[in-house]
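This report goes through charged pairs, nonpolar cores and a surface patch in turn. The sequence and structure come before the text.

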Amino acid sequence: MPTVFIIGAGPNIGKASAEVFSAAGFQVALASRTNKVGGNYRHYTFDATKPDDLPAIFDQVWKDLGIPSVVIYNAAKGGQTEKDKPFREIEDFRATLNINTVSPYIAAREAVKGFDKLGTSGLGPAGGTFIFTGNLLNKSAVQGLMAFGMQKIASAHMIQHLALVAYVDKPYKFYYPDERRPGGHYVTNDISGKGHADLFLELANDPNQRPWDQTFVTGEGYQVFPRVEALAWDP
């Protein structure tokens with residue numbers, strides 16, 4: 001039975017992903033500061049501001065459930081500033097950098113170690129999949145979200161490099177899903193957990209690398225929208 005490891009498993013995308021993958025026959029491992037998904041899945045306590053703790057958690061997942069063929073990094077923290085005061089306190093910037101960039105870097109590294117260990121036969125026909133939950137900040141500057149955007153851009157570049165440069169000859173896939181409303185406007189409080197989960201499973205089941213920057217509309221799938229350089233905050 002394959003294993004999915006969901007890091008940053010909250011009550012929306014994390015919970016929906018656990019349910020969708022479990023229904024598809026996956027063992028489910030979750031990591032978050034507190035368990036907000038329920039007792040049906042193996043949970044590991046993890047604070048994403050402390051990325052050095054992550055390798056040991058991967059080791060424990062390996063021992064408890066087996067090596068994950070799918071790893072989803074869903075932890076994130078934004079934080080909005082005033083338009084003309086874009087610089088956040090350095091302590092806060094470092095903490096969110098760990099959540100949005102450093103921990104994903106380590107998660108991707110540990111995921112690939114697992115893929116290498118499983119090999120082609122262990123991964124199965126769909127191969128290995130690493131997913132980092134993204135947003136439009138790798139394409140657009142949004143008022144009040146400079147620091148968050150800097151950190152998302154760094155992780156988006158990691159996904160791009162892994163997908164298009166580092167592992168093109170391996171059965172590994174890497175994705176940056178970016179949910180939009182119909183027409184291309186970014187989502188805010190209307191993020192669809194089920195929409196993300198369904199896309200995640202679809203990507204995991206496809207043996208081929210699709211476009212790494214998976215801009216999508218729930219219920220409509222992958223979409224390509226014109227790039228907009230700067231946007232106002234409009235929830």
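## Salt bridges and cores

Glutamate 19 is partly exposed, at 38% relative accessibility; buried means under 20% relative accessible area, exposed over 50%, and partly exposed in between (1.4 Å probe, protein chains only). The model is predicted, so local features need pLDDT of at least 70 and side-chain atom pairs count only at pLDDT 80 or more, while totals for chains, interfaces and linings use all residues. Residues are numbered from 1 along each chain as its sequence is written, and side-chain values use heavy atoms, with hydrogens and water left out.

The side chain of glutamate 19 meets that of lysine 15 in a salt bridge, that is, a side-chain nitrogen of Lys or Arg within 4 Å of a carboxyl oxygen of Asp or Glu. Lysine 15 is partly exposed as well, with a relative accessible area of 30%. Helices (H or I, at least four residues) and strands (E, at least two) are DSSP runs, numbered from the N terminus.

The whole structure holds 13 salt bridges, among them these:

| Salt bridge | N to O distance |
|---|---|
| Lysine 15 and glutamate 19 | 2.6 Å |
| Lysine 113 and glutamate 110 | 3.2 Å |
| Arginine 180 and aspartate 178 | 3.0 Å |

Lysine 113 and glutamate 110 lie three residues apart in helix H3, about one turn of the helix. Lysine 113 is partly exposed, at 43%, whereas glutamate 110 is buried, at 5%. Arginine 180 and aspartate 178 are both buried. Salt bridges with shared partners join Lys139, Asp178, Arg180 and Asp213 into one network.

In soluble globular proteins, nonpolar side chains tend to be buried together. A nonpolar core is a set of buried Ala, Val, Leu, Ile, Met, Phe, Trp, Tyr and Cys residues joined through side-chain atoms within 4.5 Å. The largest one here has 34 residues, of which Phe5, Ile7, Tyr73, Phe130, Ile159 and Phe174 touch the most other members. Elements that give two or more residues to this core include strand S1 (3–7), helix H3 (90–123) and helix H4 (146–166). H3 gives the most, with eight residues. A second, separate core of 24 residues includes Ala9, Val20, Tyr41 and Val70.

Methionine 146, in helix H4, is partly exposed, with a relative accessible area of 35%.
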